[in-house]
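Hi everyone, thanks for making time. Have a look at the structure on the screen, and I'll walk you through a few parts of it.

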Amino acid sequence: DDIVRNVFRKYSKSGSRARDAIDEEFRRFGFLGRVWSSQVNGNNQVDWASAVRPFGMNYTNERGRATLTVAEKPRSSEKALLNELGYNSWKFAPRSRQK
């Protein structure tokens, strides 16, 4: 929502190409900007395992089946984030075992 609002506010009267304006705005948002850049402007794959790890989640993709699980022992900050995302039953979510 913020991105769309910012693009419209900043670029609607400047005559900039919409795609250039959107690219510029997404670059301001760290990880989201990198995902946008690699997926929209390039042909790179997103490293989802690295992307979700800081949030107490684990991603695996085995034989074309992607799975997202809660870390075996999420830190308190990760538990708080999971609660904010509506996963307040994180205690009962499938756990991934550390390899």
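Which residue does the side chain of R75 meet in a salt bridge? The partner is E78, at 3.1 Å from N to O. A salt bridge, for us, is a side-chain nitrogen of Lys or Arg within 4 Å of a carboxyl oxygen of Asp or Glu. E78 counts as buried, at 5% relative accessibility. The structure holds one salt bridge, by the way.

Two notes on what you are looking at. This is a predicted model, where local features need pLDDT of at least 70 and side-chain atom pairs count only at pLDDT 80 or more, while totals for chains, interfaces and linings use all residues. Residues are numbered from 1 along each chain as its sequence is written, and side-chain values use heavy atoms, with hydrogens and water left out.

E78 turns up again with F55. You'll find F55 in the loop between α4 (48-52) and β1 (57-62), and this residue is partly exposed, at 40% relative accessible area. Setting aside neighbours within four places in sequence, F55 is in contact with E78, L81 and L82; contact means heavy atoms within 4.5 Å. F55 and L81 are 26 residues apart in sequence, yet 7.1 Å apart in space, C-alpha to C-alpha.

Now let's step back to the whole chain. What pattern does the protein chain follow along the sequence? Reading along, we get α-α-α-α-β-β-α, so five helices and two strands. These elements are DSSP runs numbered from the N terminus: helices are H or I with at least four residues, strands are E with at least two. Of the 99 residues, 26% count as buried.

The strands, β1 and β2 (residues 65-70), pair in the antiparallel sense over six bridges. Two strands pair if DSSP finds at least two bridges between them. T60, for example, has T67 in β2 as its bridge partner. The hairpin has two residues between the strands, and R63 there takes a positive phi near 55°.

On to the helices. Two packed helices are described by the angle between their axes and the distance between the axes. For α2 (residues 18-26) and α3 (residues 30-41), the angle is about 145° and the axes are 8 Å apart. Axes are lines fitted to C-alpha atoms, for helices over the stretch in contact, and angles run from 0 to 180 degrees between N-to-C directions. From α2 the contact takes R19, I22, D23 and F26, and from α3 it takes L32, G33, W36, V40 and N41.

Which residues of α2 are buried? They are A21, D23, E25 and F26, and they pack against α1 (2-11) and α3. In α3 the buried ones are G33, V35 and S38, packing against α2.

Last stop: R27, in the loop between α2 and α3. R27 is exposed, with a relative accessible area of 57%. R27 and S37 are 10 residues apart in sequence and 7.8 Å apart in space, C-alpha to C-alpha.

Conventions:
Buried means under 20% relative accessible area, exposed over 50%, partly exposed in between (1.4 Å probe, protein chains only).
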